[in-house]
Amino acid sequence: MLAVYRPRSGRQADLEAETARHVPLLRSLGFATDAPARALRAPDGTIVESFEWESPAAIQQAHEHPDVLAMWARHEECSTYGTLADLPNADAMFAEFELLGTY
């Protein structure tokens, strides 16, 4: 899974904090694997997060779990979703990102 989050104005720090909690919560509920997850920051502040869902069923269960829904609501307060093509360096052969953390 690759997710792209664009910070809302003035909410970069909030987005980074929410992103750091995202995969650990999914794991604690059995929805994400223990495979390393990463959060990377693009030059414009957009965050790209990579992680692995436990299964297709886990994706569906996560979308119905109240703790996950609450977390995603907080996430949406500080960001909007994007695509990889939206990244300012998406057309670079070797796109550079800053590592924010591994989880």
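This is a predicted model: local features need pLDDT of at least 70, side-chain atom pairs count only at pLDDT 80 or more; totals for chains, interfaces and linings use all residues.
Which residue in β3 is the bridge partner of Leu2? The answer is Ser50.

Leu2 sits in β1, which covers residues 2-7, and β1 is joined to β3, residues 47-50, by four bridges. The two strands run antiparallel. On the pairing of β3 with β2, there are again four bridges, also in the antiparallel sense.

Now the whole sheet. Five strands form an open sheet, in the order β4-β1-β3-β2-β5, and the pairing is antiparallel. At the edges are β4, residues 79-82, and β5, residues 98-102, each of which pairs on one side only. On average, neighbouring strands are turned by 25° against each other, ignoring direction.

Next, the helices against that sheet. α1 lies across β1, β2, β3, β4 and β5, and its direction is at about 0° to β3. α3 lies across β1 and β4, and runs at about 90° to β4.

On to the nonpolar cores. The largest has twelve residues, among them Val23, Leu26, Phe31, Phe51, Trp53, Val68, Met71 and Trp72. At least two residues of this core come from each of α1 (12-28), α2 (56-62) and α3 (66-78). α3 gives the largest share, three residues.

What does Leu26 touch, leaving aside neighbours within four places in sequence? Leu26 is in contact with Phe31, Ala32, Phe51, Trp53, Ala62, Val68 and Met71. There is also a second, separate core of six residues, including Tyr5, Leu15, Ala39 and Cys78.

Last, the pockets. The largest has a volume of about 150 Å³. Its lining includes Met1, Ala3, Tyr5, Phe51, Trp53, Ile59, Trp72 and Tyr81, along with the histidines His22, His63 and His75. β1 and α3 each supply at least two residues of that lining. Some of these names have come up already: Phe51, Trp53 and Trp72 belong to the largest core, and Tyr5 to the second one.

Methods:
Residues are numbered from 1 along each chain as its sequence is written. Side-chain values use heavy atoms; hydrogens and water are left out. A nonpolar core is a set of buried Ala, Val, Leu, Ile, Met, Phe, Trp, Tyr and Cys residues joined through side-chain atoms within 4.5 Å. Buried means under 20% relative accessible area, exposed over 50%, partly exposed in between (1.4 Å probe, protein chains only). Contact means heavy atoms within 4.5 Å. Two strands pair if DSSP finds at least two bridges between them. Axes are lines fitted to C-alpha atoms, for helices over the stretch in contact, and angles run from 0 to 180 degrees between N-to-C directions. On a 1 Å grid over the protein atoms alone, a cavity is a set of points where a 1.4 Å probe fits but cannot get out, and a pocket is an open set with protein on both sides within 12 Å along at least five of seven lines; lining residues have an atom within 4 Å of a point. Grid points are joined across faces, edges and corners, and a volume is the space filled by probe spheres set on the points.
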